[in-house]
Amino acid sequence: MKKRIQTIYELLLDSFGSQKWWPAETPFEVIVGAILTQQTSWKNVEKAIRNLKRNGLLSPFSLYALPIEALKSQIRPSGFYNVKAERLKNFLKVFVEEFNGKIDNLKKEDKEKLRIKLLKIKGLGRETVDSILLYALDKEVFVVDAYTFRIFKRDGIIDSENYEEVRSLVEENLSEKGTETLSKFKEMHALLVELGKKFCKKVPQCNRCPLKKIRAKKGVEDEFSRDKKVFNLR
DNA sequence: GACCAGGCACATC
DNA sequence: GATGTGCATGGT
């Protein structure tokens, strides 16, 4: 399995190139984006972030002090703006009141302890928290998302959608001593999103694995295909 | 107009 | 644990 995950990583990197994620200017912007992008296309998130920047509000203390109704109107383009404003406020309360609004104070924390603490914030689930840990705080955590499940399922790597299972699967198989584990975790997630956006849309009648397409383009054999089983694909 | 998007909480079985 | 629903804007 180790070779298999690594092979996919190299194949995607070769096909799409380094993605240099997360698209943001500061770690704090990463966090705001991570919350706003829940079940939402990045284009819409960009609009919301542009609003915040234009009005000089994209900082911990400005957002903390901003009345929630004003926040809602700022982030409106990102959709679900009522719940997302609440979720941002929930995070900001902890961030400002317990960490003084300083990213470095979050970075100092132990990875596992901080993960558990952030998961307790209402509105921050596993993917959001792991995105924050990985891309805003440089913690070695792999982010699993809907595309990861879809692509891995269609390639026969997994058969269930257990978040923690897939996370440790990638974390254990993609890290290798002597290599840049952190940047590999960042790239792998970004590459899977890129592949998913291009070739793995949520079309129920389409079970084609996008990796097959990439392999064909590169003239690469899927050396693991004979181990494949037939799963319930979606 | 239908369907989807870089989730999450909550209810129900 | 698995499955279903509300949350909402904007692009295809």
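Me: What share of the contacts in chain A between residues at least 6 apart in sequence join residues at least 24 apart?
Reply: In this predicted model, the share is 65%. Two residues count as being in contact when their C-beta atoms lie within 7 Å.

Me: How many helices and how many strands does chain A have?
Reply: There are 13 helices and zero strands.

Me: Why is G79 called partly exposed?
Reply: A buried residue needs 20 or more other C-beta atoms within 10 Å of its own, and an exposed one has 12 or fewer. G79 has 17 C-beta neighbours inside 10 Å, so it counts as partly exposed. By that cut-off for burial, 30% of the 234 residues in chain A are buried.

Me: Where does G79 lie, and with which residues is G79 in contact, leaving aside its neighbours within four places in sequence?
Reply: G79 is in the loop between α5 (68–74) and α6 (81–99). Its contacts, with those neighbours left aside, are T40 and N44. The C-alpha atom of G79 is also 9.0 Å from that of Q39, although 40 residues separate G79 and Q39 along the chain.

Me: Which residues come nearest to DNA strand C?
Reply: A residue is near a strand if its C-beta atom lies within 6 Å of it. Around DNA strand C there are 14 residues, of which P77, G79, F80, N82 and V83 come nearest. Two elements, α3 (42–54) and α6, each give two or more residues to this surface. The largest share, three residues, belongs to α6. By class, the surface near DNA strand C has four nonpolar, eight polar and two charged residues.

Me: What makes up the surface near DNA strand B?
Reply: It divides into 11 nonpolar, 10 polar and seven charged residues. Of the 28 residues around DNA strand B, the nearest are Q38, Q39, G125, T128 and K202. The elements giving two or more residues to this surface are α9 and α12. From α9 comes the largest share, four residues.

Me: Which members of the largest nonpolar core touch the most other members?
Reply: They are I31, L88 and I132, out of 52 residues in that core. Elements that give two or more residues to the core include α1 (2–16), α2 (27–36) and α9 (126–136). The largest share, seven residues, comes from α12. Domain 1 and domain 2 each supply at least three residues to this core. Leaving aside neighbours within four places in sequence, I132 is in contact with V30, I31, A34, L118 and L137.

How values were computed. Residues are numbered from 1 along each chain as its sequence is written. Chains are lettered from A and ligands numbered from 1 in the order in which they are written. This is a predicted model: local features need pLDDT of at least 70, side-chain atom pairs count only at pLDDT 80 or more; totals for chains, interfaces and linings use all residues. Ala, Val, Leu, Ile, Met, Phe, Trp, Tyr, Cys and Pro count as nonpolar, Asp, Glu, Lys and Arg as charged, and the others, Gly among them, as polar. A nonpolar core is a set of buried Ala, Val, Leu, Ile, Met, Phe, Trp, Tyr and Cys residues joined through C-beta atoms within 7 Å. Domain bounds come from an automatic or database domain assignment.
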